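Subject: Structure for you to look at

Hello,

Here is the structure I said I would pass on. Please open it first, then read the notes below it.

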Amino acid sequence: MKSLEKLKVSFIQFSGCSGCVNSILFSPVFRDFMRTADLCFFPFVTDFTSVVEPQDVTFVEGAVVEPEERALLTEVRSKTEKIVAVGACACLGGVTSLLGNITVHRISDIIKVDYSLPGCPPSKDIVGNFLSSLLVREEPSMPQANLCAECPFKPAKLDYPAPIQKLFADKMPERCFLEDKTLCLGPVTRGGCGALCIGLGLPCEGCNGPYNEDSPGVIINFFSALDAPLKQESRFRDFFKFQKRWKGRKL
Amino acid sequence: MKVKRTWLMTRVDGYSEIRAYSDGNRLLRVEFAAPRFRDFARILVGRRIEEIPRIVARLCGVCSLTHEVAACKALENALGVEPPETAKAVRLLMLMGEILRSHAIHFLVMNLPDLMSLVNPLKRMDLKGISEFRPKILRNGLEFIRCGERILEVTGGRAVQPVRPVVGGVTKPLTRRECDVLLSELKSSVNTAEWASELANSLVAEVEEKETFNFKEKFHYVSSLDLEGGQLFYGGDIMALDEECKFTERILPSDFYNRAVEVGWVGSETPNLPAPGKRGNYLLMTGPEARALLATRVKSTILLEKKAEISNTLLLTSIRLREAIFCLLKSIELLGRDTIAGSEVRTPWEPSEGLGTSVVEAPRGTLLHRYKINGEGLIDSAEIITPTSMKTPGINLVLCHILSACSKKALSESETLERIKMAVRMFDPCISCLTHASRIG
């Protein structure tokens, strides 16, 4: 990336909810970022109507559904040095991929993605660290450990296979959800959000995606360590609402 | 020959466009459209009750909390569950935060640059321009947005897709300490909210070509109000005002759709409601202007406005910002009450068959959710009617007035287009809500 001139930065939105753009735009670091970066095509806040010149960084929110979106994405890739997929829809397919009647693509299904900011929406820390790295021209790093590493209820005391009786919590937990026989995707999900939902009484639904590249392997191992009645198991798949790869597949 | 062209709509949330039809020389008709329609209600069918608030929040990143609360209320209505008073107060506080945040974003990103460009036509503005040339305004504007964000962060963990509301109440009580910290922060922010409102009013007063943004069209207005509790925003029944702004009827949320068809509010230009005709007989408006009008017309304990007559899109800004101040003051009042930090926050429930409807006031107007639950506790049918979908036909009619005002003044095509875009932004449409909401089953 260039070191002296201002970074040329664009933001593009596809099928999503604008939540990721909002999270980036109003993150505390963004004001400094705006001073150092030159905002170009960013329909949410600027009046440019197309990507005219070569860009240093383009952030992409949302999953790709329409043919013209694919064409725009390919064009943007050819004009951009680094592509950043932002949020669960862009990185994993997101809730949009739960729609049965349309084909939903992750950004990486269509073009090469340089960085992925996971989460629905990406946490303040993930966004803040990433923007700060861009500002000082450093290689950004992503959280590598799973969510359990930052969970307020660690360490869990579990016997395997761990029995699961509930998919949802009906009261504030006092210990690990799995210990309480409630399904929580923390063990297979990437950290970086500070276990925000768990702190507020909801088990992890996996919006940060798998913590490991070999996600099917990790997830199958995880489920083989659980003990649940068959009727419950068929519902496990629904828990992966942020990941396209699990759509229509049985575990 | 008629030529159709489209331009990308900028500074709105999500993808939308302005379509213009011309005879080759001049523009004949313009319309605002969000063509990427997606059937979000389809996702909900067959899913479990507990999942619904989490999924519908993803319908829109700007109004995520409103959708969560509307879904919780509709499902509670179907199950016959009444959440504890503390849970209702916490949800209302969260709604105040979301409306405040949404209005503040609209002010800084969408409206303010337009007003500045109208006052000083030689210097076109957007957020980038404000950050370069008016850093103080940027700083205050971001601080204004922070007020709403702080409410959502303290109550829901984050400003976008906050978590805490669940079917039956909220997950966790707020502590007195959390409330007190937030209370003192909000008290020190009242000045910032007043600054925004004063700045907008003074800019509107300076705009020379105000009459370009006049519209003669009379609308019907709808807004929800809980008459018993005297509560605005948390729902209740839907109140309708006619084209003379007289109160006409009180509609139960469950009857709203049928009534909309009977009165003729529903038209084919509203994407998520089936069409009885090309366009409804009357056009509907909802949102801050409807709430302000309702507060003056219905005897209510809440008075937002002494008098509000809406015939110019520029005035919508003032109404929206006065409402933002109201939301901030309401939050301060809620945080001072003992109920807000109560310990009973969740009513237990068992899945059962039922049909439930709810309305909540979203930043942009009345939002309706309706669900049918089957015997297994799964969703059989879902229906979501969003405020932006109700008012899109009305917005398009106003655009026609603005187009003819621009042609009378012999403005160039690009000047006209710019004013059309400004007028759309004044109404603050939410594209995510518009394209994702639907009815199914």
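In this predicted model, α4(B) provides 4 residues of the lining of the second largest pocket, the largest share.

Sorted by class, the lining holds 10 polar, 9 nonpolar and 8 charged residues.

The other thing to look at is where chain A meets chain B. Chain A brings 52 residues to the contact and chain B brings 57 residues. Between them an area of about 4,600 Å² is buried, and carbon and sulfur atoms give 60% of it. On the chain A side, A:F26, A:F168 and A:L200 supply 14% of the area buried against chain B, more than any other three residues.

There are also 5 salt bridges across this interface. One salt bridge joins the side chains of A:D47 and B:R11, at 3.0 Å from N to O. Polar contacts across the interface link 17 residue pairs.

Which elements of chain A give two or more residues to the side that touches chain B? They are α1 (19–25), α2 (30–36), β2 (37–39), α3 (67–79) and α7 (196–199). Of these, α1(A) gives the most, with 4 residues. That side of chain A comprises 26 nonpolar, 13 polar and 13 charged residues.

Regards

Definitions and conventions:
Residues numbered from 1 in each chain as written. Chains lettered and ligands numbered in written order. Predicted model: local features only at pLDDT ≥ 70, side-chain atom pairs only at ≥ 80, totals over all residues. Heavy atoms only, no water. Contact = heavy atoms within 4.5 Å. Buried area = accessible area lost by both parts, 1.4 Å probe. Salt bridge = Lys/Arg side-chain N within 4 Å of Asp/Glu carboxyl O. Polar contact = N/O pair within 3.5 Å; in protein donor to acceptor, adjacent residues only side chain to side chain. Nonpolar A, V, L, I, M, F, W, Y, C, P; charged D, E, K, R; others polar.
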